[in-house]
Amino acid sequence: MARKTSNRRKLVLTIIAWSIGFVIFFPILWTIILSFKSEGDAIKTPLQVLTSHWTFESYGLVQERSNYFRHFMNSVVISFGSVILALIIGIPSAWAMAFVPGKRTKDVLMWMLSTKMMPAVGVLVPIYLMFRDWGLLDTRTGLIIVLCLMNLPIVIWMLYTYFKEIPSEILEAARMDGAGLRSEILYVLTPMAVPGIASTLLLNVILSWNEAFWTLNLTAAKAAPLTAFIAAYSSPEGLFYAKLSAASTLAIAPILILGWFSQKQLVRGLTFGAVK
Amino acid sequence: MGQIELKGVTKRFGDVEVIPPLDLHIGEGEFVVFVGPSGCGKSTLLRLIAGLEDVSGGHIEIDGQDATDLPPAKRSLAMVFQSYALYPHMSVRKNIAFPLKMAKADQATIDAKIENAARILNLTDYLHRRPGQLSGGQRQRVAIGRAIVREPAAFLFDEPLSNLDAALRVNMRLEISELHQKLKTTMVYVTHDQVEAMTMADKIVVLHAGVIEQVGSPLELYRSPRNKFVAGFIGSPKMNFIEGPEAAKHNAHTIGIRPEHIGISSTEGAWKGTVGVSEHLGSDTFLHVDTEFGLINVRGDGEVGLHAGDSVWLTPDLAQLHKFNADGKAI
């Protein structure tokens, strides 16, 4: 009897969970469906959309009009580049804050986090002017620098939390064994923190990949990543649903696949510090 | 090689002085044990010698060289930590090789030294394993192996046995003592366990609140403790202390008598009492006796046929009586 109730309960909970999942996933699903429709069919009622003819024509047109591969490469270079740069700066910073904390370390951490609370548009003009003067507008280098700065607080916070879990005695043992600062970080700390560094990398690559404010404002054609590629299809003359959907699907597909294969690491990254 | 000299060394954490100015000489090849209750500053003192903490004042000399401002790596000391502090991502072989790699030794030397250390410590069959796949005792041996290959001027041990179970602890204690006899290198060993201190040390340094209470060989400390603290800390079970008129009879503020220096009789003696708890170990019998001076612990050789509630007469061996003045100093 007890078993029957718990089974029914399980069934109800499963249905609720799947429904919530479906609602959250629906916009993405609809985008994918629309991308396989002709421009005319895409604006019909939902039922007509589902029953209409399926086609790849939007993908063909999108690729014809703009070079998907170039945008894709820009996205890869910019998101990975900015996160790797942030890690190079973040690992020693997090090391210092986790293992040699000063009186003001907590304040520094809070201050870094507070910079994320400021709306980005607040510094758009100064950064735009600096980029113009230094010739960084519409360059991959420029975007790598600005996205690195955007993500640095999160990178340092995440690494700091992971490093805190590593017993400091192990680093002291390395120091006793003759390791200098560089060897200590390179051969002992970093290998032990690999899972933490990997989830930091993944989460921040996704954040950089989807970042639209800076990528749209600081690029024109050469360095434009996939976010700019999508934006190109929402034009003042009217929306082209099918083509916009095809572009969006192409833009999110790589990161969706990356996310799917690294789910475990990502969940660990999102709940960092919560377990153990 | 292996002389360590502390001259007026102090340590403060903020406003708190954990170690007031302290002088200590550790001779070549000595096995020195720092012992004291938890929080007495013994681990801090060891970390100051290691260079893992900076001194707030004074000097540390190692083999005549001023090492006060040298980083840990440059002091030619090796340390074994309480938590073993092995590198979890490296095999046993790589763990032991790490200090040699850092010293940029060539591969042939590294291999030879690892083989040698593994043989001494019975680790040859485990060299390919990760620390996670080893037992506590094996991990501790790897930590010692990592220290041996450096051929340091001195070994520092920070409560290395406290994570092991009782039986293993006795074994490792012997192994470390044997290692000291084999290598004849200076060893500085921190423990809160006075049995470890008594069994292993050439010289014991008793610390209390950052201050050295007494330095001496185990038997010196046992026979002639300089004050009440040392008298109570060294020896197991603890020395009995009696104050008041009974102490005044011996012209002292407090008298101390060890449990093993009290005669037991069921018919006659100096002090009368009733057995509270009796512990029969076969080799010894420990009696907790209620007397007019309070609870007195007594140790009898072999089996003593007395049990809870029995009347008992106790007679202290007056030649073994310790006398202390009101400040706790031995008279």
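# Asking how we know

Mentor: Let's start in chain B, where strand β4 (residues 57-62) is joined to β5(B) by two bridges, and they run antiparallel. Keep in mind that this is a predicted model.

Trainee: What makes β4 and β5 of chain B count as paired strands?

Mentor: Pairing takes at least two bridges. β4(B) and β5(B) have two bridges, so they count as a pair. You can find B:Glu61 standing opposite B:Asp66 in β5(B).

Trainee: Why is β5 (65-66) of chain B called an edge strand?

Mentor: Look at the order of the open sheet, β2-β1-β4-β5 (chain B), with antiparallel pairing. β5 pairs on one side only, and so does β2 (16-26), the other edge strand. There's a helix to spot here too: α1 (residues 42-50) of chain B lies across β1 (4-13), β2 and β4, running at about 115° to β1(B).

Trainee: Chain B has another open sheet, in the order β13-β17-β14-β15-β16. Which of its strands stand at the edges?

Mentor: Those are β13 (262-265) and β16 (294-301) of chain B; each has a single partner strand, so one side of each is left without a neighbour in the sheet. From one strand to the next, the twist averages 45°.

Trainee: How do you know that β15 and β16 of chain B are paired?

Mentor: Count the bridges again. Strand β15 (residues 284-291) and β16(B) share eight bridges in the antiparallel sense; at least two are needed, so they pair. In that pairing, B:Asp290 is opposite B:Leu295 in β16(B).

Trainee: What do β9(B) and β10(B) form?

Mentor: They form a hairpin with two residues between them. Strand β9 (residues 203-208) and strand β10 (residues 211-216) of chain B are joined by five bridges and run antiparallel, and B:Val205 stands opposite B:Val215 in β10(B). In the turn, B:Ala209 has a positive phi of about 55°.

Trainee: How do you know whether B:Ala85 is buried or exposed?

Mentor: Count the neighbours. B:Ala85 has 25 other C-beta atoms within 10 Å, and buried means 20 or more, so B:Ala85 is buried.

Trainee: What makes the peptide bond between B:Ser236 and B:Pro237 worth a look?

Mentor: That bond is cis, with omega at about -5°. Most peptide bonds are trans. B:Pro237 lies in the loop between α8 (228-233) and β11 (240-243) of chain B.

Trainee: Now for the core. Which residues touch the most other members of the largest nonpolar core?

Mentor: A:Leu159, B:Val33 and B:Leu156 do, in a core of 144 residues. Helix α8 (residues 140-164) of chain A gives the most to this core, with 15 residues.

Trainee: How do you know that A:Leu159 touches A:Gly90?

Mentor: Touching means C-beta atoms within 7 Å, so that is the distance to check for the pair. Leaving out residues up to four places away in sequence, the ones A:Leu159 touches include A:Gly90, A:Ile91 and A:Thr200.

Trainee: How many residues does each chain bring to the contact between chains A and B?

Mentor: Chain B brings 18 residues and chain A brings 15. On the chain B side, β6 (77-80) and α2 (92-102) each supply at least two residues.

Trainee: What makes up that side of chain B by class?

Mentor: There are 15 nonpolar, two polar and one charged residues on it.

Trainee: Last one: how are the chains built overall?

Mentor: Chain A has 15 helices and two strands, while chain B has nine helices and 18 strands. Buried residues are 33% of the 276 in chain A and 40% of the 331 in chain B.

Notes
Residues numbered from 1 in each chain as written. Chains lettered and ligands numbered in written order. Predicted model: local features only at pLDDT ≥ 70, side-chain atom pairs only at ≥ 80, totals over all residues. Contact = placed C-beta atoms within 7 Å. Helix = DSSP H or I, 4+ residues; strand = E, 2+ residues; numbered from the N terminus. Nonpolar A, V, L, I, M, F, W, Y, C, P; charged D, E, K, R; others polar. Buried ≥ 20, exposed ≤ 12 C-beta atoms within 10 Å, placed from the backbone. Axes fitted to C-alpha atoms, helices over the stretch in contact; angles between N-to-C directions. Core = buried A, V, L, I, M, F, W, Y, C linked by C-beta atoms within 7 Å.
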